[in-house]
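Please keep the sequence and the coordinates at hand while reading.

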Amino acid sequence: MNPTAATPCTTDDLERVLGDADDPTNPLGFGAVLEADERAEILPAGEKALDAFGFNAEFVPRRLGGHLVGIERLMLMMRTVSRRDPTLALGYGFTNYISGSAMWTSGNESQQRRMADILLGGGKTAAGYNELAHGNDFTRTDLAATTHGDRILINGRKQIVNNLGRADAVLLLARTGDGPGNRSHSHLFVDLAAGPADRVDRDVRYPTVGLRGCLIGGAEFTDYPVPGDATVGPVGGAMETVLRAFQTTRAILPGMMVGTSDTLLRTVTRFALDRKLYGRRVADLPHARATLTGAFLDLLAGDCLSTVACRALHVLPGQTSVLTAANKYLVPKVLHRSSHALGTVLGANSYLRDGTYGIFQKFARDLPAITFAHANASVCQATMLPQLPRLAARSWGSAPRPPKELFELDAPLGDIDYGALELTSRGADHLTAVLTHPGTRALLPDTAVSLVELLAADLADLRERCLALPPGEHSVVAGRAGFALADRYAQLAMAAACLGVQQHNQHSDDAFLRGTDWLTGVLHRIAARLGHDVGALPDSTERRLFEELVSREENHEGFDLGRPPLARA
């Protein structure tokens with residue numbers, strides 16, 4: 001095992017390494033990012049800088065010599081890179097964490113140490129799940145692993161796998177049984193550096209519209225031998241590992257996307273402040289201002305839900321199977337729509353591939369692609385839906401409020417315990433209790449109180465609808481009505497997360513975070529998405545939000561919610 005690669009650093013340290021994004025001489029600036037995208041390659045100087053930073057240590061648990069302690073910290077580090085270049089964030093190595101999360105969940109000590117050695121040594125690993133014929137339906141995986149004496153032989157293909165062509169090892173999902181269902185699949189740890197290169201063809205690359213520089217590839221294995229003990233976890237236990245490990249990735253990826261949206265919003269805000277139309281700034285036009293303010297609120301709401309999802313993995317690990325699926329479903333959806341709206345403000349400049357605003361088109365293409373091969377929206381809805389009737393029966397209207405540590409941005413979290421994550425939430429949902437608890441409304445202005453009351457009534461209505469669902473409507477073959485209920489639940493979870501973050505950070509130095517303007521704004525947008533006729537956001541609230549947006553742009557501050565510097569581990 002390698003020693004810890006470097007002293008754990010903060011996001012501020014990482015920002016200093018990345019340097020000024022707008023400096024044309026910076027090899028890690030937006031100009032260089034766009035040039036690399038045109039060449040369809042990962043930013044070379046970016047990979048070198050992250051290597052020197054020891055970034056792979058972020059994916060390795062502390063007990064194995066890395067820096068991975070809290071999932072929120074990892075999300076924020078990934079967000080910082082994603083704010084500069086989503087391709088670098090995903091392509092440099094978040095795939096290392098996707099494969100690592102399954103290993104840290106179910107691998108034996110020897111396997112975990114080998115993966116840790118690869119990562120701490122600057123290597124790459126891949127997560128081989130996808131097959132084009134089956135998409136995200138892992139239970140239909142065809143790649144087969146059969147036992148022959150003291151070896152296992154692998155035959156079949158994997159496609160749309162990031163970094164597979166240059167990985168030192170891959171965690172493969174393989175069919176190890178002939179029957180249908182969950183017990184016919186296993187994870188295999190394949191050390192590609194130790195195996196026969198002539199038994200695997202991994203030269204295939206799939207060009208993509210977004211994340212053009214990511215090495216999205218495939219591989220075909222032909223009687224590829226691995227040791228008989230290469231199975232990660234019990235034979236036939238892969239689906240249980242996936243259900244646990246992917247709760248962490250479903251928390252992190254949307255939080256990464258907040259960084260990408262930050263850059264999109266910053267780019268359009270700068271344009272709106274600089275460009276004049278009809279004798280005044282674009283930013284002074286009512287539609288443009290409302291669009292910018294709306295995108296700001298969507299970013300804040302996405303930040304709250306993804307942050308709470310990350311913290312819940314530590315604070316409420318038995319309840320995160322539903323919450324992280326809601327996060328992975330809703331935050332990308334909301335941010336993608338905001339990206340489209342921002343493009344209408346930028347106009348023709350949103351299509352330009354270079355120049356002052358050229359970074360917009362790249363990030364707008366990258367944003368939806370970040371999650372394209374990892375638990376798409378339908379999969380996340382299908383994860384939530386079967387559990388909703390049980391949540392309705394056991395929690396909604398009667399669950400206690402969650403602990404304050406779920407929301408306090410400076411409350412310490414212990415090391416992530418993958419074994420504590422449950423396959424289902426067993427009817428427990430403390431987060432949405434925030435909407436119905438009387439104390440929630442005590443310190444809010446009347447406008448916000450009325451919105452909370454609307455949303456609390458929505459939760460009661462959702463409860464009745466979920467309890468009335470026939471069995472066929474809360475399964476993977478549910479109709480449109482069932483999936484619409486999953487959407488409504490995710491919206492209410494987002495509202496509860498925003499309420500909790502605002503109310504449990506009144507000790508923060510950030511006056512904007514302590515205030516209610518942003519909270520009123522996000523609840524207003526959520527209520528509108530749920531079909532309520534809430535009218536336009538009050539002019540005074542919109543004005544204060546826009547002033548905050550402009551202040552952050554002028555001071556080069558992030559648009560996500562303020563939090564103290566990350567503590568050194």
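## Conventions and confidence

Helices (H or I, at least four residues) and strands (E, at least two) are DSSP runs, numbered from the N terminus. Residues are numbered from 1 along each chain as its sequence is written, and side-chain values use heavy atoms, with hydrogens and water left out. The model is predicted, and local features need pLDDT of at least 70, side-chain atom pairs count only at pLDDT 80 or more, and totals for chains, interfaces and linings use all residues.

The pLDDT, which is the predictor's confidence in each residue on a scale from 0 to 100, has a mean of 93 over the protein chain, and 96% of the residues reach 70 or more. Over residues 1-5 the pLDDT is below 50, and this stretch has 18 contacts (heavy atoms within 4.5 Å) in the model beyond near neighbours in sequence. Where pLDDT is low, the predicted coordinates should not be read in detail.

## Loops with positive phi

Ala40, in the loop between α2 (30-38) and α3 (44-53), has a positive phi of about 55° although it is not a glycine. Arg426 is likewise not a glycine and has a positive phi of about 55°; the loop that holds Arg426 runs between α12 (388-394) and α13 (433-436).

## Helix α6

At the N-terminal end, Asn108 caps α6 with a side-chain oxygen that lies 3.1 Å from the backbone nitrogen of Ser110, while just after the helix Gly122 takes a positive phi of about 90°.

The residues of α6 that are buried (under 20% relative accessible area, with exposed meaning over 50% and partly exposed in between, for a 1.4 Å probe and protein chains only) include Gln111, Gln112, Met115 and Leu119. Among the elements that cover the buried residues of α6 are the helix α5 (86-106) and the strands β1 (125-128), β4 (169-175) and β5 (185-191).

## Nonpolar cores and a buried arginine

A nonpolar core is a set of buried Ala, Val, Leu, Ile, Met, Phe, Trp, Tyr and Cys residues joined through side-chain atoms within 4.5 Å. The largest one has 168 residues, of which Phe55, Phe94, Tyr97, Trp104, Tyr489 and Trp518 touch the most other members, and helix α7 (residues 238-274) gives the most to this core, with 17 residues. Apart from it lies another core, of 20 residues, including Ile152, Leu192, Val200 and Ala219. Not counting residues up to four places away in sequence, Trp518 touches, among others, Leu297, Cys304, Cys498 and Phe512.

Arg79, placed in helix α4 (residues 71-84), counts as buried at 1% relative accessibility. A polar atom of the Arg79 side chain lies 2.8 Å from the backbone oxygen of Gly255.

## Cysteines

With a disulfide taken as a pair of cysteine sulfur atoms within 2.5 Å, the count comes to zero. Cys498 is in no disulfide, as the nearest cysteine sulfur, that of Cys304, is 4.0 Å away, and Cys498 is buried with a relative accessible area of 0%. For Cys9, the closest cysteine sulfur is in Cys310, at 20 Å, which is too far for a bond; Cys9 also counts as buried, at 18% relative accessibility.

Technical notes
Polar contact = N/O pair within 3.5 Å; in protein donor to acceptor, adjacent residues only side chain to side chain.
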